[in-house]
Amino acid sequence: MCADVLTQAPAEEQANPLLEGLRSARLPAPCAVVIFGASGDLTQRKLIPALYALAAEGSLPPGFSIVGAARTEMDDERFRSAMRDAVAEHSRVALHDDVWEGFASGLFAASYDLDRDGGLDALKSKLADVDRDRGSAGNRVFYLSVPPSAVVPLAERLHQAGLCRPEGGGFSRVIVEKPFGRDLDTARELTSRLHEFFAEEQIYRIDHYLGKESVQNLLVFRFANGIFEPLWNRQYIDHVQITVAEAIGVEGRGAYYEEAGALRDIVQNHIMQLMAIVGMEPPSNFEAETVRDEKVKLLRAVRPIHPDDALSHTVRGQYGGGWVDGQEAAAYRDEKAVKPGSLRETFVAMKLDVDNWRWAGTPFYLRAGKRLMKRATEIAIQFRRVPHSPFTGHIATPTGALPPDAMEPNLLILRIQPDEGISLRFSAKVPGQAMRIRSVNMDFLYGSSFLKESPEAYERLLLDCMLGDATLFARADEVEQAWRICTAILDGWRAHPPDTSRFPNYEAGTWGPDEARAFMDRDGRSWHRP
């Protein structure tokens with residue numbers, strides 16, 4: 001059963017002056033985006049293609065400029081040529097010469113050096129030229145696409161160059177990539193150091209998951225509809241599952257993963273943000289601080305796992321060799337830059353309890369892993385079973401009991417990627433004379449419903465930063481609360497290291513270690529298979 005395709009708004013609505021006004025309100029003021037690490041992979045695969053797509057759709061102001069800052073010398077023409085190739089290969093919007101010419105006229109290159117005083121002088125001079133020639137009026141967005149160790153030194157150099165504080169009524173903002181520290185103490189230290197140079201409202205901690213249309217739709221689904229919100233609590237929901245599964249391995253990032261692991265890489269940021277949105281209370285409005293206040297309240301209500309209880313509340317795993325999508329996959333320990341006897345986790349599952357009135361007694365089960373059976377990110381809301389089924393006598397078995405799989409619980413599945421949409425599973429009668437019951441799905445699919453391609457996450461987030469809308473960015477206290485939860489687990493893992501003879505403990509191409517299934521069996525539940 002599929003939902004009907006949504007129809008487009010009538011012509012008179014499309015021409016509504018109010019709607020046109022709302023569209024124009026999304027146009028930011030003229031500004032310059034400075035990308036540190038402009039020669040890196042993120043710039044070429046995500047950032048420049050996202051900005052080009054915004055330009056192609058008319059979402060950028062006249063005079064918009066990009067300054068690619070890199071340690072290596074590069075002139076403007078060479079930078080433009082490299083970025084044209086990046087757009088041609090990676091942008092969701094096709095490369096058109098007329099659009100590119102206008103976009104490329106605002107592309108500039110500048111070198112920098114963090115190791116010497118005055119290392120940002122060339123960049124500062126270039127920005128002055130951009131202000132004069134392009135009319136950016138001193139408005140700046142600094143994107144720090146650099147290694148974590150370079151974030152604070154770069155912020156300090158920006159401060160020394162006088163670029164941290166807005167001039168002449170303009171704005172100055174900084175986008176910081178994860179990881180936001182390695183544990184609670186380092187996260188607090190990072191925040192403290194950044195606050196020496198930037199005010200909190202200038203700092204935009206980016207998590208690309210929050211830019212996905214399906215994640216934003218979760219907010220709309222919960223708070224713009226009167227159907228589900230009355231049921232969104234412990235009285236009707238048995239438990240919540242959040243899964244972030246990846247079929248790929250560490251993809252040449254062995255050195256990074258040896259330092260991070262699945263808990264730091266996926267759970268502390270992506271999954272905690274999804275959990276906060278699923279569990280938060282309804283905000284009074286959609287202002288950035290109001291929404292983020294409610295997310296923080298939810299994270300504060302999460303009961304921390306005591307280090308002594310880490311093994312009973314979590315499962316960790318590491319993938320061995322196996323087969324994924326018909327191709328042989330190497331074990332994690334055979335990946336480049338991974339230690340031969342590494343105990344770093346590539347899979348983690350955990351059970352969290354939320355101590356508030358809405359969720360008391362309704363657990364959240366979280367899991368994330370590499371080299372699993374398929375790529376899928378989804379949230380599964382399992383509702384409580386009916387207290388009494390009048391159909392038991394109609395579906396009798398030789399033992400007189402209702403078959404355990406005859407009446408599955410209702411399930412609401414929110415798919416984040418790759419097939420964005422929502423499914424509602426409920427019981428229905430199978431046609432025929434006998435009273436036979438089977439679960440069926442009612443599906444909503446983004447692609448078929450709106451007949452419009454969703455923008456990439458970075459498109460939305462970059463535009464929001466230029467507009468000064470921090471709703472989809474992590475605030476300092478959000479980061480600290482997520483680390484509070486994860487640091488307690490890390491402490492417990494350090495105190496109770498895994499049995500070296502049992503790692504790796506799951507084959508590539510499976511759904512993780514057997515311990516993860518037993519972990520759910522103890523609670524009389526099972527993982528939903530995406």
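Two strands pair if DSSP finds at least two bridges between them. Helices (H or I, at least four residues) and strands (E, at least two) are themselves DSSP runs, numbered from the N terminus. With those terms in hand, let's start at a hairpin. Strand S14 (residues 411–417) and strand S15 (residues 421–429) are antiparallel partners joined over 5 bridges, and the hairpin they form has 3 residues between the two strands. Arg415 has Gly421 of S15 as its bridge partner. On we go to strand S16 (residues 437–445), which pairs with S15 in the antiparallel sense over 9 bridges; here Ser423 finds its bridge partner in Asp443 of S16.

A word on what you are looking at. This is a predicted model, in which local features need pLDDT of at least 70 and side-chain atom pairs count only at pLDDT 80 or more, while totals for chains, interfaces and linings use all residues. Residues are numbered from 1 along each chain as its sequence is written, and side-chain values use heavy atoms, with hydrogens and water left out.

Now turn to the parallel sheet. It is an open sheet of 6 strands in the order S3-S2-S1-S4-S5-S6, with parallel pairing. Strand S3 (107–111) and S6 are at its edges with a single partner strand each, so one side of each has no neighbour in the sheet. From one strand to the next, the twist averages 20 degrees (axes are lines fitted to C-alpha atoms, for helices over the stretch in contact, and angles run from 0 to 180 degrees between N-to-C directions). Helix H4 (residues 76–90) packs on this sheet, where it touches strand S2 (65–70) and S3, and its direction makes about 120 degrees with that of S3; contact means heavy atoms within 4.5 Å.

Within this sheet, follow strand S4 (residues 140–144). Because 5 of its 5 residues are buried, S4 is largely enclosed by the rest of the structure. Buried here means under 20% relative accessible area, exposed over 50%, and partly exposed in between (1.4 Å probe, protein chains only). Both faces of S4 are covered, with Arg140, Phe142 and Leu144 buried on one side and Val141 and Tyr143 buried on the other. Strand S1 (residues 32–36) runs parallel to S4 and is joined to it by 5 bridges, with Leu144 of S4 as the bridge partner of Phe36. S4 also pairs with S5 in the parallel sense, again over 5 bridges, and Tyr143 has Ile175 of S5 as its bridge partner. Ile175 in turn stands opposite Tyr204 in S6, and 4 bridges join S5 to S6 in a parallel run.

Pro179 sits in the loop between S5 and H8. Asp183 caps the N-terminal end of H8, with a side-chain oxygen 3.3 Å from the backbone nitrogen of Asp185; a polar contact is a pair of N or O atoms within 3.5 Å, and within protein one must be able to donate a hydrogen and the other to accept it, while residues adjacent in sequence count only if both atoms are side-chain atoms.

Which residues of H8 are buried? They are Leu184, Ala187, Leu190, Thr191 and Leu194. Seen down the axis of H8, the buried residues fall within an arc of 125 degrees, so they line one face of the helix; the arc is that of the directions from the helix axis to the C-beta atoms. An α-helix has 3.6 residues a turn, so residues three or four places apart point the same way. The buried residues of H8 pack against helix H7 (148–160), strand S5 (172–177), strand S6 (203–206) and helix H16 (476–495).

Strand S9 (residues 319–324) pairs with S10 in the antiparallel sense over 3 bridges, and Gly322 stands opposite Ala329 in S10. A cis peptide bond joins Phe503 and Pro504, with omega of about 0 degrees, and Pro504 is in the loop between H16 and S17.
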